[in-house]
Amino acid sequence: MRLVIFTEPQQGASHDDLRKVAQTAEASGYDGFFRSDHYLTMGGDGLPGPSDAWLTLAALAVQTSRIRLGTLVTSATFRLPGPLAIAVAQADQISGGRIEFGLGGGWFEAEHTAYGIPFPPVGERFDRLEEQLEIITGLWSTPLGRTYDFQGKHYQINDSPALPKPAQAPRPPVIVGGHGKKRTPALAARFADEFNVPFSKVADIAPMYERVRAASAAIGRATPPAFSAAAVLCVGRDDAEVRRRAAAIGREVDEMRENGGVVGTPDQAAEIIRAYGEAGATRMFLQVLDVGDLDHIELVASAVAPQL
């Protein structure tokens with residue numbers, strides 16, 4: 001099981017905070033450092049304010065050397081597909097081929113209205129997500145010297161040189177995730193290298209993976225995407241430390257456990273992560289909400305990861 005540190009900077013984090021987390025995660029042996037792509041806090045004052053996901057990752061690309069970097073997930077409502085393809089490809093070049101690209105349809109209406117971003121109905125958001133996935137992967141995979149064209153309902157591409165190319169060939173890994181029963185599995189089957197189920201009970205994730213397997217088989221894809229899961233992280237050396245860390249993020253221990261969180265002592269956390277693995281996950285995104293608590297990250301690396 002590979003472990004990834006996943007942060008929510010819109011809740012309150014400076015770039016220096018994120019740099020320390022990413023460098024600590026890299027030094028501790030984690031597989032990746034990922035961040036959300038949101039522009040508005042979902043509780044608290046959110047100071048110092050939101051940061052742009054791809055600016056963050058481009059900076060971290062030169063402030064780290066090994067760890068994988070990515071989004072879980074970029075919202076298709078935030079950016080046009082052509083400029084987004086350019087930004088991600090450039091970040092991949094800067095990092096030496098360590099970028100992973102998570103893309104979703106967008107869901108948090110308040111952050112759109114707060115920053116003047118159109119927020120279409122859910123059906124249109126899925127339509128735009130599908131077109132963006134096709135355009136971005138198409139631009140990256142177009143051979144050098146050839147051009148790319150696309151005529152969709154929401155986006156049209158004409159005679160694009162499809163540059164720049166990412167460092168990874170044919171492209172950075174693409175992550176699609178969510179809980180949808182029809183369109184989400186179909187998009188994952190068509191475009192994703194990895195399918196992620198966020199913040200769900202362990203018992204609920206295997207059926208979601210199975211829907212992606214079925215969608216992959218339906219289009220003749222021999223090997224489905226890899227499977228992963230995301231869960232809140234709250235681990236302590238003893239019960240008192242677990243409760244202290246839960247209080248620091250404004251959560252209840254029992255509530256997090258009930259909803260599939262990786263919560264408890266190191267032995268308990270390892271048991272929970274193994275259960276995700278038995279359900280089909282090969283990578284766990286561990287949501288760290290207190291970005292100032294670097295000891296938390298180091299504890300999981302030293303006392304949980306060796307058990308997996």
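Which residues of β12 lie on one side and which on the other, and are they buried or exposed? Arg 283, Phe 285 and Gln 287 are on one side of β12, Met 284, Leu 286 and Val 288 are on the other, and all of these are buried, so that both faces are covered.

## Basis of the model

This is a predicted model, in which local features need pLDDT of at least 70 and side-chain atom pairs count only at pLDDT 80 or more, while totals for chains, interfaces and linings use all residues. Residues are numbered from 1 along each chain as its sequence is written, and side-chain values use heavy atoms, with hydrogens and water left out.

Helices (H or I, at least four residues) and strands (E, at least two) are DSSP runs, numbered from the N terminus. Strand β12 covers residues 283-288, and six of its six residues are buried, a word that stands for under 20% relative accessible area, with exposed meaning over 50% and partly exposed the range in between (1.4 Å probe, protein chains only).

Two strands pair if DSSP finds at least two bridges between them. Strand β1 (residues 2-7) pairs with β12 in the parallel sense over six bridges, and here Thr 7 stands opposite Val 288. Strand β10 also runs parallel to β12, the two being joined by five bridges, and Val 232 stands opposite Gln 287 of β12.

## Salt bridges

A salt bridge is taken to be a side-chain nitrogen of Lys or Arg within 4 Å of a carboxyl oxygen of Asp or Glu, and a search of the whole structure finds 24 of them. In one, Arg 283 meets Asp 31, with the closest N and O atoms 2.9 Å apart. This pair links distant parts of the chain, since Arg 283 belongs to strand β12 and Asp 31 to the loop between α1 (15-28) and β2 (32-35), 252 residues apart. Arg 283 has 0% relative accessibility and therefore counts as buried, and Asp 31, at 18%, counts as buried too.

Glu 130 and Arg 190 form another salt bridge, in which the closest N and O atoms are 2.5 Å apart. Glu 130 lies in helix α5 and Arg 190 in helix α6, 60 residues apart, so this pair again links distant parts of the chain. Glu 130 is partly exposed, with a relative accessible area of 26%, and Arg 190 is partly exposed at 39% relative accessibility. A further salt bridge joins the side chains of Arg 245 and Asp 295 (2.8 Å, N to O). Because Arg 245 lies in helix α8 (residues 239-248) and Asp 295 in helix α11 (residues 294-304), the pair ties together parts that are 50 residues apart in sequence. Arg 245, at 4% relative accessibility, counts as buried, whereas Asp 295 is partly exposed at 29%. Salt bridges that share partners also join Arg 2, Asp 31, Arg 68, Glu 100, Glu 194 and Arg 283 into one network.

## Aromatic pairs

Rings of Phe, Tyr and Trp (its six-membered ring) pair if their centres lie within 6.5 Å, and planes under 30 degrees apart count as stacked, over 60 as edge-to-face and the rest as tilted. By this rule the count comes to 10 aromatic pairs. The rings of Trp 54 and Phe 101 have centres 6.2 Å apart and planes at 50 degrees, so this pair is tilted. Trp 54 is in helix α2 (residues 53-63) and Phe 101 in strand β5 (residues 99-104), 47 residues apart, and both residues are buried. Elsewhere, ring pairs link Tyr 39, Phe 78 and Tyr 115 into a cluster.

## The largest pocket has a volume of about 1,000 Å³, a volume being the space filled by probe spheres set on the grid points, which are joined across faces, edges and corners. Of the 46 residues that line this pocket, His 38, Leu 72, Trp 107, Pro 198 and Phe 199 are the closest to its centre.

Among the elements that give two or more residues to the lining of the largest pocket are β4 (74-75), β5, α6 (183-191) and β10 (226-235), while α5 gives the most, with four residues. The lining divides into 19 nonpolar, 21 polar and six charged residues, where Ala, Val, Leu, Ile, Met, Phe, Trp, Tyr, Cys and Pro count as nonpolar, Asp, Glu, Lys and Arg as charged, and the others, Gly among them, as polar.

Terms used. On a 1 Å grid over the protein atoms alone, a cavity is a set of points where a 1.4 Å probe fits but cannot get out, and a pocket is an open set with protein on both sides within 12 Å along at least five of seven lines; lining residues have an atom within 4 Å of a point.
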